[in-house]
Amino acid sequence: MLVAKTPAGTGNETFDSVLVTLLRKSFLENWEPSTIFMQLWEEPVAQNWYKSVTRPRLNPMKTTLAWATLTEWVVPWGHNNTVSTVVATPALLWDYTKISDVLEMETLLTVIKSQGKELYNNAKRIIDEYIQNTLESDNTVPVIRAGWAATRAALQDTDTMDFNLVLDWVAFLTSQGETNERFKIIMHPNVFRDFCASASTNTWLNKVIYDNYKGIQDGYVTSVENFDIYLSANVQPISVTSGGDTFNVYPTYCLRRWAYGTSSLSNLQTYYKGYGSAWTDDPLNQIATIWWKCYFGCAVLNPFFLVRLESRATTNYQWQQTI
C-alpha cells in the first residue's frame, strides 16, 4: 500500500490531500513498458523499512544414478541439499520536482497529473536501473560476449547481436535443468535492430521477421521458439575506452524464473507539499513540490538462471533528456 503524506500547517490540507490521491492514482495507473526489469522479478518480499531483506538460495538437487540405487542390507546416506541465504541491503531511492505558482494560475490539476505521471515513471526507471546495477555487478552471473571477446574492451564494432548468440543463451539456461517455462530476453532497441538484421536470424527464423515481427517498440515484441523478447530503452549501456576509442557496450539479459528477487514497493511514499510549505524559503508562496521515496533491495537468487550477453551495436540512439 502506498503511503500518502500531506504537510501540515499550509492552510490547504484538504486540497493537498486531494492532490496526493491524484498522484497515487497516477503512479498506480501508469506503468510504462520501459520498466521491464521491474515486471519480470520474482514475487517481491515486503521489507517494512528493515535494513536488509533475506531470501533463501537452494542449490539444485542433482545426484548420480549410482548414488540413488539402493543395495540390499546397506543403509543409505541421505542427500543433503545446500541451503544458504541471499541478503539484499535496500537503498533509499528518491526524487522530486517543483511546480511554480504561475502554473497554478493556468491549470494546476492537469499539471499535477501530468507531472506526477512523469515523476513516477522516472521513479520506476530509477528502480529498474537499480535492479540492472545489481545484475551487472554480480560476478557470479555468467557472461557471453559477442565474437567471444575475452573482455569488454576487446569487442569490435562488428561484434553485434545475432540469433546464434541467443541460441547459446537458450542452450545454457536449458542445460540448468528441465523446464517448460518460456525464457525472457531483455534487449535495448539498438541491439534488437542488429538482431533482426543479422544473417543468422534470417536464416534460422524467417517467421520472426516476416510473420510475427511487430517492429521496434518499447515493451514485449515477439516470441520465438521457447523465449520471449522484450525491448527497453532503459537498458543502460556501458561506456568503454580502448586504444583511445570510446564506445558503448550493451548488456542483454536472458533469464529463467527465480533468477533474481526484490523487495516490494510497500514502503513507497508520495508527498505533495503546497505553496508556502517551505516557510521562509518560500516567503511569497511561489513553489510547490512533488516527492517520492522508498527503500528498495534486489539480489541474484540463482546466477545460473541468468545470462548476460555483452555486445556492441551499429546504432547508438540514446534517451533524449530535453525537448
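E310 is buried, with a relative accessible area of 0%; buried means under 20% relative accessible area, exposed over 50% and partly exposed in between, using a 1.4 Å probe and protein chains only. This is a predicted model, in which local features need pLDDT of at least 70 and side-chain atom pairs count only at pLDDT 80 or more, while totals for chains, interfaces and linings use all residues. Residues are numbered from 1 along each chain as its sequence is written, and side-chain values use heavy atoms, with hydrogens and water left out.

**Confidence**

The chain averages a pLDDT of 77, and 68% of the residues score at least 70; pLDDT is the predictor's confidence in each residue, from 0 to 100. Over residues 1–14 the pLDDT is below 50. Where pLDDT is low, the predicted coordinates should not be read in detail.

Helices (H or I, at least four residues) and strands (E, at least two) are DSSP runs, numbered from the N terminus. Strand β15 covers residues 306–311, and six of its six residues are buried. L306, R308 and E310 point one way from β15, whereas V307, L309 and S311 point the other way.

Two strands pair if DSSP finds at least two bridges between them. β5 (residues 143–145) pairs with β15 in the parallel sense over three bridges, and V143 stands opposite R308. β10 pairs with β15 in the antiparallel sense over six bridges, with P251 as the bridge partner of E310.

**Salt bridges**

A salt bridge is a side-chain nitrogen of Lys or Arg within 4 Å of a carboxyl oxygen of Asp or Glu. The whole structure has eight salt bridges, including these:

| Pair | Closest N to O distance |
|---|---|
| E310 and R152 | 3.0 Å |

R256 and E181 sit 75 residues apart, in the loop between β10 and β11 and the loop between α5 and β6. R256 is buried at 7% relative accessible area, and E181 is buried at 18%. D228 in β8 and R182 are 46 residues apart; D228 is buried at 6%, but R182 is partly exposed at 34%. Salt bridges that share partners join E136, R145, R152, R308 and E310 into one network.

**The nonpolar core**

A nonpolar core is a set of buried Ala, Val, Leu, Ile, Met, Phe, Trp, Tyr and Cys residues joined through side-chain atoms within 4.5 Å. The largest has 34 residues, and F37, I131, L135, Y260, W292 and F296 have the most contacts inside it. Helix α4 gives the most to this core, with seven residues. Contact means heavy atoms within 4.5 Å, and beyond four places in sequence L135 is in contact with residues including F37, V141, Y260 and R308.

V141 lies in the loop between α4 and β5 and is buried at 4% relative accessibility. The C-alpha atoms of V141 and F304 are 6.7 Å apart, although 163 residues separate them in sequence.

**After β15**

T315 is in the segment after β15 and is buried at 13% relative accessible area. T315 touches N190, R193 and Y250, not counting residues up to four places away in sequence.
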